[in-house]
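Colleague: I would like a close look at a single residue and its surroundings. Please take one part of this model and go through it in order, from the confidence scores to the contacts.

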Amino acid sequence: MFVYEKKLQYPVRIARTNPQLAQVIISQYGGPDGELSASLRYLSQRYSMTDPAAKGALTDIGVEELGHLEIVGSVIYQLTRDISPEEAAEKGFDTYLVDHTTGIYPQAASGTPHTMAYIQVKGDPITDLHEDMAAEMKARTTYDNLLRLSDDPDVSDVLKFLRQREIVHYQRFGELLQRTIDRMNHRNFFAVNPAFD
Amino acid sequence: MRDKEKEYAIPFAAWELRLYLNTHPGDERALELYKGLCRQLDAKSYAVVADEFLDDCRWTWIDGPWPWEAEANCKWEV
């Protein structure tokens with residue numbers, strides 16, 4: 001069961017609006033390598049894990065990603081607070097505003113709505129842990145790109161925190177993969193699905 | 001550390017230890033550090049596990065049946 005604490009994991013306090021920046025940051029909300037993909041991937045993969053450490057880690061990291069989804073939503077919210085339609089139009093935000101006003105819709109920067117096609121749950125712990133490590137790297141690269149595009153120190157500060165979390169999660173998934181491989185016969189581990197065979 | 005930093009930093013430190021303990025459940029030093037931070041936090045903080053998981057000198061959060069497994073549930077008799 002999920003309990004909600006009414007506080008962000010990391011504070012978001014942005015002084016200036018910037019709909020153009022919001023337009024790209026939204027990829028970490030509803031894009032292929034964003035926090036929604038991450039949380040649903042991990043929270044769904046945990047059921048077919050056999051190692052208790054993996055059930056725990058995927059649950060806790062999946063929950064943390066939901067917390068990050070909330071942080072990204074808060075950034076977008078503050079970047080678009082009380083903007084005028086003229087400001088939206090000149091910053092290229094008008095194509096989003098027409099369909100969503102300043103609401104927060106789970107889409108990529110390109111406008112593509114979020115889809116479960118962005119994630120896989122293969123039901124094989126070795127396979128799924130590899131996907132999780134790749135997912136964290138993809139998220140890290142996305143934050144790298146956003147940091148290249150951001151000229152706002154308030155925003156960059158939050159992005160740097162979220163980027164660092166992806167790297168830590170990557171290390172945790174690496175440890176889980178190592179534990180899984182260590183438990184199996186080294187000559188056979190590609191031939192066996194520990195959750196099914 | 002300013003109060004506001006403490007408000008975010010202590011729960012975060014506890015949370016980091018919690019993630020570490022999931023893959024290092026036998027690390028007693030980390031568990032002691034975690035318990036110490038939890039004592040400074042409200043029981044409702046996102047980083048704090050329920051008391052029943054802090055009884056041992058081992059990290060037991062990951063042990064036992066998880067909620068989706070039948071053994072963790074009872075039949076609901078009216």
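Modeller: pLDDT is the predictor's confidence in each residue, on a scale from 0 to 100. This is a predicted model, and chain B averages a pLDDT of 94, with 99% of its residues scoring at least 70. The model as a whole has an ipTM of 0.94 and a pTM of 0.95.

First, its setting. Chain A has 8 helices and 0 strands, so that from the N terminus on its elements read α-α-α-α-α-α-α-α. The C-alpha trace of chain A spans about 65 × 35 × 30 Å along its principal axes. Of its 197 residues, 49% count as buried. Among the contacts in chain A with a separation of 6 or more, 77% are between residues 24 or more positions apart. The chain exposes about 9,500 Å², and carbon and sulfur atoms supply 54% of that area.

A:Gln9 itself is found in the segment before α1 (19-25) of chain A. Its relative accessible area is 10%, and because the cut-off for buried is under 20%, A:Gln9 counts as buried.

Which residues does A:Gln9 touch, leaving aside its neighbours within four places in sequence? From chain A they are A:Glu64, A:His68, A:Ile71 and A:Phe161; from chain B they are B:Tyr8, B:Phe12, B:Trp15 and B:Tyr46. Two of these partners also make polar contacts with the side chain of A:Gln9: the side chain of A:His68 at 2.9 Å, and the side chain of B:Tyr46 at 3.5 Å.

A:Phe161 is in contact with A:Gln9, and residues 153-182 of chain A form helix α8. This helix has 30 residues and reaches 44 Å from its first C-alpha to its last, close to the 44 Å expected at 1.5 Å a residue. Its N-terminal end is capped by A:Asp152, where a side-chain oxygen lies 2.8 Å from the backbone nitrogen of A:Asp154.

B:Tyr8, B:Thr23 and B:Trp68 supply 32% of the area that chain B buries against chain A, more than any other three residues. One of these, B:Tyr8, is also among the contacts of A:Gln9.

Technical notes
Residues numbered from 1 in each chain as written. Chains lettered and ligands numbered in written order. Predicted model: local features only at pLDDT ≥ 70, side-chain atom pairs only at ≥ 80, totals over all residues. Heavy atoms only, no water. Helix = DSSP H or I, 4+ residues; strand = E, 2+ residues; numbered from the N terminus. Buried < 20%, exposed > 50% of the residue type's maximum accessible area, 1.4 Å probe, protein only. Polar contact = N/O pair within 3.5 Å; in protein donor to acceptor, adjacent residues only side chain to side chain. Contact = heavy atoms within 4.5 Å. Expected span 1.5 Å × (residues − 1). Areas by Shrake-Rupley, 256 points an atom, 1.4 Å probe, with all protein chains shown as cover. Buried area = accessible area lost by both parts, 1.4 Å probe.
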